[in-house]
Amino acid sequence: MEPILALELIVRAVIVSALLQLAFAMMTRWERRAMAQMQWRIGPNRAGPAGIFQPFADGLKLLFKEQLMPDGARPFLYLVAPCISLVVALTSFSVIPTQLGNWPFPVEGRSLFQIADIDVGVLFLLGITSLSVYGIVLGGWASGNKYSLIGSIRASAQMVSYELALGTALLSPLLMVGSLSFREIAQFQSGGAWLVLSQPLAAIIFMISALAETNRAPFDLPEAEQELGAGFHTEYSGMRFSLFFMAEYIAMITVSSVLVTVFFGGPILLPFMSADAFLFSESFFWYAFKILICMFCFIWIRATFPRFRYDQLMNIGWRVLLPLGLMNLAITAVGVVFQMPWWGYTIAICGAVALLYVGGKLSRRQESNH
Amino acid sequence: MDRVIDDLIALGKGLSITFKNYLEKPVTKQYPEEKRDIPKRARGRHVLHRYNDGLERCVGCLLCQGTCPAGAIYIEAEENDKENPVSKGERHAKVFDVDLLRCIYCGHCEMACPTNAITLENNTALAGFTRESLLMHKEDLLEPEGSSTLGTTEYWDPKPPEDLSHRVPAQTGEFDGSSTSAAAVGRGDLDLNKAPKKPTRKEGDNA
């Protein structure tokens, strides 16, 4: 590779990382404001107008805080764990196509923020995000604290369980598109139906397992305050803690990006609209707008639902989401073989779910008759 | 499977509730800038009142000190100088200290006061950096010279019955001597040269 190209990539990577961290900062403030609003409060409003400088104040506080390391900690792993979390979260964003055409941030006709347009983007992203469990597990274990350890063990079990559901939910649209590149998935939806219309069940399964993958409420068992202190990051303070925090929020942005790109047409404005219908029919702004809606859903869900119990968590993952995902995958595979139109999948999947619903009700009635 | 779908519908209901709340106006008051209306009968910091002519209502009778369940009031009484009286009665309070850290804001002191000298007013913003700053002296408690109020007295509940044989001094400033000596507590705003309208059971003026 030419040095100038490498330099350009590095500069772009730095810009994207910086913007993601800014987005993280704004996200923390927005989350606090929105959750406060849902609880009839106001939320942070002292630092700057409507509290927009609150995240910077928090960041400064964390920077200047003393960074404690427990005596029982294993120093190398203890220090490296938050870095793993953050690096993984930042890296996985690099394959997301934030725009398809030239507007408004083109670099060689591609999006400025998509650093690597690789052919196996989905695979790369799944692989990298499953690395994020290392940051949590190593952090919890290396702290030498039993609550941290329990938190990280919960995290690993949870992430391994839900990765399966996540994978099966992603496989169905991938079968329809026939490509692992995020750009081609987005382009597949240009001028046609968004994949959420033909794969509604997969979209729902993806959303639920995405919540679990990012350790967000109601799946935040690894950091269940009432039981584990702060879970895997109990022993982390100051900037080291904030790296974990940052990683969690950036992972949320990445997961929302995948949801938007795979199911909601990526940067395309409306369903059935072609990517080059008019000048701004696809652009970074629509993509960012959809991400914001996803983020709001994350906040909304966190403000609404209490945390799952551990057995409920495992039940949902293994006995509901995974079988449903497999069923969805089978129906989609048959549909791909027979080259169904997009609404064929919708009808088949909704029909199957309705059948399961009626069947369940009937069998339950029979049970009660006995 | 049917249960899962029923559960999802229930979750949707929960989400709709939080979203409805999201559109509501916050109930938070931005305290130092924006203050809530305190109920009229709220019991905040004590105020010592004056008569219209500027003399203090407190006659140093120690009834409030005696009734205070928390022992928050400390009074040293002194004889009034006849030429230059401080209060309307025989005596006045030389020292009148209220320890706000001990006070439980029960309002017994204002109930006990025969001359309506002490009431608990609406100032509830009581904080200080030292214990000393929360030990209120007479100068801190006394209402400023030239003002003469009855404070929250008119909002007290229960109100005295209308057909009471004697008038309640706390509300009128008029005192009939039925429970303690009028010489001790003075005769309030009444004209001293005028005879009382109605002779009362026992006049203790010469006690």
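Is B:Asp6 buried, exposed or partly exposed? Select B:Asp6 and you will find that B:Asp6 is partly exposed, at a relative accessible area of 29%; here buried means under 20% relative accessible area, exposed over 50%, and partly exposed in between, with a 1.4 Å probe and protein chains only.

Before moving on, a word on what is loaded: this is a predicted model, in which local features need pLDDT of at least 70 and side-chain atom pairs count only at pLDDT 80 or more, while totals for chains, interfaces and linings use all residues. Residues are numbered from 1 along each chain as its sequence is written, chains are lettered from A and ligands numbered from 1 in the order in which they are written, and side-chain values use heavy atoms, with hydrogens and water left out.

**Stop 1: where the chains meet**

A:Lys361 sits in helix α13 of chain A and B:Asp6 in helix α1 (residues 2-23) of chain B, so the pair joins two chains. Helices here are DSSP runs of H or I with at least four residues, strands are runs of E with at least two, and both are numbered from the N terminus. A:Lys361 is partly exposed, with a relative accessible area of 37%.

Now show the whole interface. On it, 19 residues of chain B are in contact with 22 residues of chain A, contact meaning heavy atoms within 4.5 Å. In chain B, B:Met1, B:Asp2 and B:Tyr22 lose the most area to chain A, together 29% of what that side buries. Between them the two chains bury about 2,200 Å², 64% of it on carbon and sulfur atoms; buried area is the accessible area (1.4 Å probe) that two parts lose on being put together, summed over both. Two salt bridges are counted between chain B and chain A.

**Stop 2: chain B**

Colour chain B by secondary structure. Of its 207 residues, 34% count as buried.

Next, pick B:Lys94 and B:Glu76, whose side chains meet in a salt bridge of 3.7 Å, N to O. B:Lys94 is in strand β3 (residues 91-99) of chain B and B:Glu76 in strand β2 (residues 73-79) of chain B, 18 residues apart. Both ends are partly exposed: B:Lys94 at 44% relative accessibility, B:Glu76 with a relative accessible area of 30%.

**Stop 3**

Which residue does the side chain of A:Arg216 meet in a salt bridge? Select A:Glu31, where the N to O distance is 2.7 Å. A:Arg216 lies in the loop between α8 and α9 (225-228) of chain A and A:Glu31 in helix α1 of chain A, so the pair ties together parts that are 185 residues apart in sequence. A:Arg216 is buried, with a relative accessible area of 1%, and A:Glu31 is buried at 2%.

Leaving aside neighbours within four places in sequence, A:Glu31 is in contact with A:Arg216, A:Tyr249, A:Ile299 and A:Arg302.

**Stop 4: helix α8 of chain A**

Select residues 200-213 of chain A, the 14 residues of helix α8. Ten of them are buried, so the helix is largely enclosed by the rest of the structure; among them are A:Leu201, A:Phe206 and A:Leu211. What covers the buried residues of this helix includes α5 (146-177), α11 (284-304) and α12 (310-337) of chain A. After α8(A) comes A:Asn215, with a positive phi near 60°.

**Stop 5: a bent helix and a neighbour**

Finish at helix α3 (residues 75-92) of chain A, which has 18 residues. Centre on A:Ala81: α3(A) bends there by about 25°, and a proline, A:Pro82, follows within four residues. The bend is the angle between axes fitted to the seven residues ending at a residue and the seven starting there. The buried residues of α3(A) pack against α1 (3-38), α4 (121-142) and α10 (238-263) of chain A.

From helix α4 of chain A, pick A:Tyr134, which is partly exposed with a relative accessible area of 49%. Not counting residues up to four places away in sequence, A:Tyr134 touches A:Ile84 and A:Gly139.

Technical notes
Expected span 1.5 Å × (residues − 1). Salt bridge = Lys/Arg side-chain N within 4 Å of Asp/Glu carboxyl O.
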